[in-house]
Amino acid sequence: VKFTNGGVGSLNHLCAALFAQAVGVEVDMIPYRGGAPAVADILAGHADLVCGSATLVSEQIIARNIKGYGISARERLASLPDIPTLAEQGFTSIDIELWHALFVPSATPRAIIDRLNQALRAALDDPKVICRQRSHRFPVRPAVPRGCRRPRARRNHPLGRDYPRQQDRSCATMIFNAPRCSVLRKMLAEP
Amino acid sequence: MKILLFATVFVAAFGINENATAQTFPARNITILVPYAPGAATDATARIVGERMAATLGRNVLIENVTGGSGLIATTRVARAAPDGHTLLLHQQALAANVSLFHKAPFDVERDLAPVGLVNTTPMIIVGRRTLAANSAGELAAWMKQPPSR
């Protein structure tokens, strides 16, 4: 079984590894330079499977150029209501999403970070931006402070025992420190 | 006493200076570095959000695609940029994965970067070539366990 991905350590890779682990088989992981060429070789039939971002694969699923087998998160996508989640189909260990976040050098004055955060939230609340993000298959969950949450921890990850713990720690720390995220901070402070 | 007084004046001056920097921000165009090529999800996110942020900030927001090195090149540039809010990094999950994968990265994500905010999330979908016979994740798993010879 040839499983392509967008590079070692990419979320395509992580997702493929989790699925192969859940199935209980070894697969050939084929890294590409980015998700787009990894999907292109599935379209061309040169490889079997890829766990691609909804942004990259949705149109091709709708056009029936590739077959969609399951969504990696807990909820179906409104734009692809016929594609069930992997958890629904019994693969309950898979619950991951791609996140995007904005960063600045850490020595940036707090007042400037707050200004940028304010501009970011104004953008995320703008109906035009919400619409454009939907057209790119991004579930619109304005991040700060309402949708700010950390990626979940993974244990016994095939990329190494330390991988999920480290990853989770740094994600949590980065998002934990997001401005105006006191609610989240309280949640994460709980053991 | 003199030293203490000097220290107080210095702190006060520095405080005013930092305040003034924040009040005149942004002083010029803002650049968002994207560690991936144009057209990919990260690039799309930066362009959609950057354009609207520009309207609020009253300055242009430029998107610069700095690819290569699993995103390390773009991340290094922002980690070392002047901490004045004019150079931003839009990154994704790989930033966290890289902490485990590249132990000798020229920056420390948690020490050198501060978050402005989470922008969006998107799920992944397992897809296969159209000639695969399986029609569900369960059938796919069965096929993966015993792939027919081709």
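Trainee: How many residue pairs are in polar contact across the interface of chain A and chain B?

Mentor: Across that interface the rule finds 28 residue pairs in polar contact, with both residues of each pair at pLDDT 80 or more, and please keep in mind that this is a predicted model.

Trainee: Which helix gives the largest share of the side of chain A that touches chain B?

Mentor: That would be helix α4 of chain A, residues 110–125, from which eleven residues of this side come. Taken as a whole, the side of chain A that touches chain B divides into 59 nonpolar residues, 25 polar ones and twelve charged ones.

Trainee: And how many salt bridges are there across the interface?

Mentor: The rule finds two salt bridges between chain A and chain B. In a salt bridge of 2.7 Å, N to O, the side chain of A:Asp48 meets that of B:Arg129.

Trainee: OK, what about area, how much do the two chains bury between them?

Mentor: Chain A and chain B bury about 7800 Å² between them, and 67% of this lies on carbon and sulfur atoms. On the side of chain A, the three residues A:Tyr69, A:His100 and A:Leu102 supply 11% of the area buried against chain B, which is more than any other three residues supply. Counted by contact instead, 96 residues of chain A touch 74 residues of chain B.

Trainee: Which residues of helix α3 in chain A are buried, and what do they pack against?

Mentor: In α3(A), residues 54–62, the buried residues are A:Ala54, A:Thr55, A:Val57, A:Ser58 and A:Ile61. They pack against α2 (35–43), β3 and β4 (66–71) of chain A, and also against α2 (41–57) and β4 of chain B. After the helix comes A:Arg64, with a positive phi near 60°.

Trainee: Last one, B:Ala96: is that residue buried or exposed, and why?

Mentor: B:Ala96 counts as buried because its relative accessible area is 0%, and the cut-off for buried is under 20%. The residue is found in helix α4 of chain B, residues 94–101.

Trainee: How far apart are B:Ala96 and B:Val109 in sequence and in space?

Mentor: B:Ala96 and B:Val109 are separated by 13 residues in sequence, while their C-alpha atoms are 8.0 Å apart in space.

How values were computed. Residues are numbered from 1 along each chain as its sequence is written. Chains are lettered from A and ligands numbered from 1 in the order in which they are written. This is a predicted model: local features need pLDDT of at least 70, side-chain atom pairs count only at pLDDT 80 or more; totals for chains, interfaces and linings use all residues. Side-chain values use heavy atoms; hydrogens and water are left out. Contact means heavy atoms within 4.5 Å. Buried area is the accessible area (1.4 Å probe) that two parts lose on being put together, summed over both. A salt bridge is a side-chain nitrogen of Lys or Arg within 4 Å of a carboxyl oxygen of Asp or Glu. A polar contact is a pair of N or O atoms within 3.5 Å; within protein, one must be able to donate a hydrogen and the other to accept it, and residues adjacent in sequence count only if both atoms are side-chain atoms. Helices (H or I, at least four residues) and strands (E, at least two) are DSSP runs, numbered from the N terminus. Ala, Val, Leu, Ile, Met, Phe, Trp, Tyr, Cys and Pro count as nonpolar, Asp, Glu, Lys and Arg as charged, and the others, Gly among them, as polar. Buried means under 20% relative accessible area, exposed over 50%, partly exposed in between (1.4 Å probe, protein chains only).
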